[in-house]
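Please consider the structure shown here and the grounds on which its features are named.

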Amino acid sequence: MSRRVLFIWFPHLAAERRLRRESWLDPSRPFATLKKQAGAWRLSSVTPAAARIGLAPGASLADAKAVAPRLATAPEEPERVQAFLSALGRWCWRYTPWI
């Protein structure tokens, strides 16, 4: 029996999940989630709109605002992202025994 493996990568998952859940966010506007790291706010996840203008996870908030003054931000929610991934994994059980 041959095994097939599917690897799914969600590079913008945390930001896109927040973007879809928050009605006040404009999907066309750059958006990023933030985390506190070594005393400074850093981008933890960015939307594709933010990535297109050169923003990436790990950048400081000050540098990101210099590149994109209209950048919308919100604190990251790692527990909610993990809950979403767990729910997605449970949904996938109908298709495969390996998650």
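The following questions and answers set computed values against definitions.

Q: How do you know what the values rest on?
A: This is a predicted model, in which local features need pLDDT of at least 70, side-chain atom pairs count only at pLDDT 80 or more, and totals for chains, interfaces and linings use all residues. Residues are numbered from 1 along each chain as its sequence is written, and side-chain values use heavy atoms, with hydrogens and water left out.

Q: Why is A38 called exposed?
A: The relative accessible area of A38 is 86%. Exposed means over 50%, buried under 20% and partly exposed in between, with a 1.4 Å probe and protein chains only; A38 is therefore exposed.

Q: What makes strand 1 and strand 2 a pair?
A: Two strands pair if DSSP finds at least two bridges between them. Six bridges join strand 1 to strand 2, and the two run antiparallel. In strand 2, V46 is the bridge partner of A32, while R42 stands opposite K35.

Q: How do you know that strand 1 pairs with strand 3?
A: Four bridges join them, and they run parallel; the requirement is at least two. P75 in strand 3 is the bridge partner of L34.

Q: What makes up the largest nonpolar core?
A: A nonpolar core is a set of buried Ala, Val, Leu, Ile, Met, Phe, Trp, Tyr and Cys residues joined through side-chain atoms within 4.5 Å. The largest has nine residues: A32, L34, L43, V46, A50, L55, A64, A68 and L71. Strand 1 and strand 2 are the elements that give two or more residues to this core. Apart from it lies another core of six residues, including A15, L19, F31 and A74.

Q: Which residues of helix 1 are buried, and against which elements do they pack?
A: In helix 1 (residues 13–21), L13, A15, R17, R18 and L19 are buried. They pack against strand 1 (31–37), strand 2 (40–46), strand 3 (72–75) and helix 4 (78–92), where contact means heavy atoms within 4.5 Å.
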